[in-house]
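Please keep the sequence and the three-dimensional view at hand while reading.

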Amino acid sequence: MAVTSEPRALEGGAAPRHRSATRSLLRLWPYVRPVRVRLFGAAGVAVVASCLGLVIPLVLKWMVDGPVAHRDPGGVWLGGALLLALGTAEAGLFGLRRWLVGRPLASVEAAMRADLYRHLQRLPVSFHDRWASGQLLSRATTDLMLLRMFLAFPLTFLVVNGVTILAGFAILLSQEWTLGLILLFPAVPLMILCSLFEKRYATVARTVQDQTGDLTTVVEEGVLGVRIVKGFGRHRSQARAFRTLSEQVRSTELHKARLLATIWALIMTLPELAIGAALVLGTVRVADGDLSAGTLVAFLSTALTLRWPVESLGFLLAMSQDAATATDRYFDVMDAEPAAAADRRPAGSPRRGQDGQSAVDSQDREGGLRFQGVEFAYADAPPEEPPVLRGVDLHIRPGETMALVGATGSGKTTLTALVPRLQEITRGRITLDGRDITALTREELRSLVAVAFEEPTLFSATAGENVLMGASDAGREELLRALKVAQADFVHALPEGTDTEVGEQGLSLSGGQRQRLALARAVVGSPRFLVLDDPLSALDVHTEALVEAALRQVLAATTALVVAHRPSTVLLADRVALLSGGRITAVGTHQRLLRESAEYRALMSGQEREEGESRP
Ligand SMILES: Nc1ncnc2c1ncn2[C@@H]1O[C@H](COP(=O)(O)OP(=O)(O)OP(=O)(O)O)[C@@H](O)[C@H]1O
């Protein structure tokens, strides 16, 4: 595990800094569309509620100039009752708005999360190699929560407050236009300040969200790798790495808060100054008899009613910026191309014939698994580095088991990942019984090929469910057979047999037990082609021999490619291929390669010596 001291140099935090927030937010429309009626209905209700608030000053004016001036208690009681009714209606309508948006917005968030998850499953392994998991996790959690909050609050209130401000100013200007103009005066500088603020805030908001993603990665690695952290006493350096990152997040958050505080202070101060000026001027005019006291009271209470809509603009804009950034981050992932379509062919692969069929040459008709001029380079490998595979030619006959041997880092795992198309070849072709794998649908390919890797990945499910993941149509009988072949009968001794939960990543099992379950998963569907990447490495010699004996029966009917490090695994195979310098340099039986290939001899004798040394 890499003990991280800095944000990982993986993707997920390198989006363009300058973009239109509105254009970003408009991309949410397909998700909002199904709930648009409720959302717009809620906004309409909120507009009515907010405008009701503007009627209150008019009632006040009527009360001051009417019943209060004429000392009419009946009129005052009537006015009071009217104000109470207006206040109650306003509160009721705001409550109704909340009820209208609550459920639909939770469903928008759920739909977006489901789409993100589905898309992540379809993205190629090369995408996941490049992206830190914390960046993906933070998009699926924090960013989607920000978006739900935006739809629930700022989206509605930017509209509601905008309408309220326009209606309020219309009332103010109609009551006393000179005082109205004084209140309007700060509008222009405020608009300029808001647009400057928006640009700066957008950059900081993106940075803080990306840094949170990096922080999530460190936490995740620390939790998943807790055994290594403890085993190597790395908790201090891990804590230091965490502190460094959280310090960065803190300082960016403080920067963000300072920006927000500045804009908020300006948004609050300028209108207050304007209200103060209008109050002084209005009072002088009432004293001069130019203006009725009721009009001044109504004017000022309308201006005070408008304080909240104006003052809230700062944080509504900030929340909208956060949401625009979250939208960009969400679509950074959603815009990534899913795994190549079935018909995308790498350069150098033969063209289709005129009848539309894939050109099948005479060699292909022999069937089996064939690699022809296969080249592969990792997308993120330095350009000066040669491709990992530089023209692999290999034919595994139907029903044959081929062991793949090579030095560490020679590309064995890479080659096995190409068959189920976990990685896409950059040149050449791979055929299964004469059919190019790029011409098969994913489902066809998955039903033909099963894989088991050296590092067995299990899920938080029961042992049986983990095995049955290998074949959608397999039942109890196939499950028991697969457990037998993989010598995974230990499952029956677990507290609830095959229904026992194996814990997160199967960590309640030993490494060898996990490997055997992963092997059972590979063989449960009796696949035509089996690709095994050193699947027995964690087993003791005795168990390995038992698995091999059972596996022989399965492999007799299956075409298999088995990455092997130990001679005992090699002996399972009919023939052996030696991978060296990105090519297959020798193919033959174990005995023949021992005789003819010095490199193979060196590899095997190294292994034999190691094994000999480790035996009692
Ligand atoms: N995701 C990746 N991105 C970039 N390079 C990679 C990636 N995975 C592997 N490599 C590189 O590709 C080369 C071949 O790796 P691969 O894992 O296929 O070797 P291997 O023969 O299976 O090794 P081993 O016997 O140690 O398992 C190595 O140089 C490795 O550094």
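## Terms and overall make-up

Two strands are said to pair if DSSP finds at least two bridges between them, while the helices (H or I, at least four residues) and strands (E, at least two) are themselves DSSP runs, numbered from the N terminus. This is a predicted model, in which local features need pLDDT of at least 70 and side-chain atom pairs count only at pLDDT 80 or more, whereas totals for chains, interfaces and linings use all residues. Residues are numbered from 1 along each chain as its sequence is written.

The protein chain has 23 helices and 10 strands. Of its 616 residues, 37% count as buried; a residue is buried if 20 or more other C-beta atoms lie within 10 Å of its own, exposed if 12 or fewer, and partly exposed in between, with C-beta atoms placed from the backbone.

## Annotated transmembrane regions

An unreviewed UniProt entry lists residues 39-64, 76-96, 149-171, 177-197 and 259-281 under "transmembrane region"; the positions are given in the numbering used here, feature names are shortened, and annotations may be inferred rather than shown by experiment. In the model, residues 76-96 are 100% helix and 0% strand, with the end C-alpha atoms 30 Å apart. Residues 149-171 are 96% helix and 0% strand, and there the end C-alpha atoms are 32 Å apart.

## The open antiparallel sheet

An open sheet of 4 strands runs in the order S2-S1-S4-S5, with antiparallel pairing. Strand S2 (389-396) and strand S5 (435-436) stand at the edges with a single partner strand each, so one side of each is left without a neighbour in the sheet. Strand S1 (residues 369-376) and strand S4 (residues 427-432) pair in the antiparallel sense over 5 bridges, and the bridge partner of Glu375 in S4 is Arg427.

## Strand S7 and its parallel partners

Strand S7 (residues 529-533) pairs in the parallel sense with strand S6 (residues 449-452) over 4 bridges, and also in the parallel sense with strand S8 (residues 559-563), over 5 bridges. Leu530 takes part in both pairings, being the bridge partner of Ala450 in S6 and having Ala560 as its bridge partner in S8.

How many of the residues of S7 are buried? The count is 5 of 5, and both faces are covered, with Phe529, Val531 and Asp533 on one side and Leu530 and Leu532 on the other. In general, the side chains of a regular strand alternate between the two faces of the sheet.

## Nonpolar cores

A nonpolar core is a set of buried Ala, Val, Leu, Ile, Met, Phe, Trp, Tyr and Cys residues joined through C-beta atoms within 7 Å. The largest one has 72 residues, of which Leu404, Ala520, Val523 and Val562 touch the most other members. Its largest share, 6 residues, comes from helix H19 (residues 511-523). Apart from this core lies another, of 59 residues, among them Val45, Val108, Leu151 and Tyr330.

## Two contrasting positions

Gly506, in the loop between helix H18 (476-485) and H19, is buried, with 23 other C-beta atoms within 10 Å. Leaving aside neighbours within four places in sequence, Gly506 is in contact with Leu458, Arg514 and Leu517; Leu458 is 48 residues away in sequence, yet 5.2 Å away in space, C-alpha to C-alpha.

Val541, in helix H20 (residues 541-556), is exposed, with 12 other C-beta atoms within 10 Å. The C-alpha atoms of Val541 and Ser568, which are 27 residues apart along the chain, are separated by 8.4 Å.

## The hairpin of S9 and S10

Strand S9 (residues 575-580) and strand S10 (residues 583-588) pair in the antiparallel sense over 5 bridges, and Ala577 has Val587 as its bridge partner in S10. The hairpin has 2 residues between the strands, and Gly581 takes a positive phi near 60 degrees.

Terms used
Contact = placed C-beta atoms within 7 Å.
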